[in-house]
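This report describes one protein chain from its computed geometry. Please keep the sequence and the model at hand while reading.

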Amino acid sequence: MVLRRFQQHLRATQGRPLASVLALALAAWLALPGDGPLPWLRLNLFDLYQTALPRPRLSGPVAVIGIDEAALKRYGQWPWPRTQLAHLIDAVNAHHPLAIGLDIIMPETDSSSPEALAARLRGTDAKLAESLAALPPNDDVLAASIRRAPVVLGVAGFDVPAASTTDVVRAWPVRSLGGEARQFVRHYPQALASLPQMQANARGQAILSADLETGLVRRVPLVASVGESLLPSLSLELLRVATGERAVGVHVGEGGIDSVSVGDLTVPTQPGGRVWPHFSKSWPERYVSAAEVLDGRVAPDRLENRIAIVALTGIGLNDYKTTARGQVVPGVDVHAELIESFFDGRFVQRPPSIRWAEVGLFALLAALTIWLLPRFSLRAAAAAGLVLSAGLFGGGAALFWYAGLLFDAASVWVALGFVGVTLLASLLSAAKRDRRESERALQRARESAARTAGELSA
């Protein structure tokens, strides 16, 4: 009897109470922090935004000096003697770049340096060994070239100690404003850095590392910590040196890091100090072969008043990365893309408030669905679903393109789908029960009519 009354009530309300309870649960589900209830779906949607709507390249402030196949063929296999790298830095600096980044780490002394060769020759050719020992070490020659140029060195973060790693690196000022930033940023207990004499002569030092997400570069830290030191990313530190600023500012709010700044530039970040780069299409013109620079064949405007980054780009030398667009590029390309986005003022954001906007939109659309769907025919409901889907995903793409906002239309769409399916299932179940009851009523009427006809004939 109780079950029958519940079924009658369900038919009268057409499944709305059950759908409403489900909608409340789904709203709480969407409100989960971090990458949400379905991270793979959200991240793949954001990758789709990047693929369909790449960043337009408005400026070209970066030149990547690639130690590529042509340079290796012309000047020999890697590693080059540090004197050769010093010649390259001098040649780049002769074109008056704003800053020079070295995406190369040199934690050990040069094994081809004169003093190293002298140590190996002392037992066989003492005179030659003495002559070699009188020459300046290659590392000192490189350090002198670094001192003459606006060079920024890079360090790689490590979670565990390894050969040549350290927990102390030289860092230029990074100011935490509004709170302590180190509790929020990616922390590396150890780092691989270049030799101390190179660090002492550089104008800056930066973190090169970025954690991959399912094998892709999606988010990059603009600031991280190594031991007790805060280090900016290579892109940010190069901008600081290029503009002559003394320090990088890290603005800390209640929930984490709100933004990072250099001079007049302020870049909004995720609470952990990471940003979502908006990747452009592949741009080979960004690259200049180191062979062209060393041979004096590079056009002056390719380097003058630009930010230059020296990197290993030859096949087998470089750690290639896959971006959110699915492009396989040298790791230095990510730093170049970030610097370009700084110059273009193009920032991709997912502020904490957007999660509540998604929850609020879902609640509104779920309420409309629960109220209106039982009034629609199946064809009208399907048409409304298509229009709603187009609006959700089209709106998300528009927010990404025009405002640089990452709106998770996919999770909202999935949650609404659950509500719609629940309502449709209730409606179909009620219709099926009504049909069965109609058939039973018709059968009873027929049997009653047959009995009445029999009684009359008798």
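**Basis**

This is a predicted model, in which local features need pLDDT of at least 70 and side-chain atom pairs count only at pLDDT 80 or more, while totals for chains, interfaces and linings use all residues. Residues are numbered from 1 along each chain as its sequence is written, and side-chain values use heavy atoms, with hydrogens and water left out.

**The chain as a whole**

The chain holds 15 helices and 18 strands. Helices (H or I, at least four residues) and strands (E, at least two) are DSSP runs, numbered from the N terminus. Of the 458 residues, 48% count as buried. Buried stands for under 20% relative accessible area, exposed for over 50%, and partly exposed for values in between (1.4 Å probe, protein chains only).

Accessible areas come from the Shrake-Rupley method with a 1.4 Å probe, and for residues only the protein chains shown count as cover. Among contacts in the chain with a separation of 6 or more, 79% are between residues 24 or more positions apart. A contact means heavy atoms within 4.5 Å.

**Helix H2**

Helix H2 covers residues 16–30, and its 15 residues should span 21 Å at 1.5 Å a residue; the end C-alpha atoms are 20 Å apart, which agrees. The expected span is 1.5 Å times one less than the number of residues in the helix.

The buried residues of H2 are Arg16, Ala19, Ala23, Leu26, Ala27 and Leu30. They cover an arc of only 105° around the axis, which puts them on the same side of H2. The arc is that of the directions from the helix axis to the C-beta atoms. An α-helix has 3.6 residues a turn, so residues three or four places apart point the same way. Exposed residues Val21, Leu24 and Ala28 sit on the face of H2 turned away from its buried side.

**Salt bridges**

The chain has 21 salt bridges, each defined as a side-chain nitrogen of Lys or Arg within 4 Å of a carboxyl oxygen of Asp or Glu. The table gives three of these pairs.

| Pair | N to O distance |
|---|---|
| Arg148 and Asp90 | 3.3 Å |
| Arg297 and Asp295 | 3.4 Å |
| Glu358 and Arg350 | 2.8 Å |

A salt bridge joins Arg148 to Asp90. Arg148 lies in helix H8 (residues 138–148) and Asp90 in helix H5 (residues 82–93), so the pair ties together parts that are 58 residues apart in sequence. Arg148 is partly exposed at 47% relative accessibility, and Asp90 is partly exposed at 28%. Asp295, the partner of Arg297, is also partly exposed, with a relative accessible area of 27%.

In the pair of Glu358 and Arg350, Glu358 is buried at 3% relative accessible area and Arg350 is buried at 9%. Elsewhere, a network of salt bridges links Arg55, Arg57, Arg286, Asp333, Glu337, Glu340 and Asp344.

Leu364 lies in helix H13 (residues 352–372). Together with Leu368, Trp371, Leu372 and Phe376, Leu364 makes a nonpolar surface patch of about 490 Å². Patches are made of residues with over 30% relative accessible area and no salt bridge; like charges are joined within 9 Å, and nonpolar side chains (Val, Leu, Ile, Met, Phe, Trp, Tyr) within 5 Å.

Ala357 is also part of H13 and is partly exposed, at 42% relative accessible area. The C-alpha atoms of Ala357 and Phe407 are 8.9 Å apart, although the two residues are separated by 50 residues along the chain.

**Backbone details**

Most residues other than glycine have a negative phi, and most peptide bonds are trans.

The peptide bond from Trp78 to Pro79 is cis, with omega near 5°. Pro79 is in the loop between helix H4 (69–75) and H5.

Ser164 has a positive phi, near 75°. Ser164 belongs to the loop between strand E3 (151–158) and strand E4 (174–177) and is partly exposed at 35% relative accessibility.

Asn305 has a positive phi of about 55°. The loop that holds Asn305 runs between helix H11 (290–294) and strand E16 (307–312), and Asn305 is exposed, with a relative accessible area of 52%.
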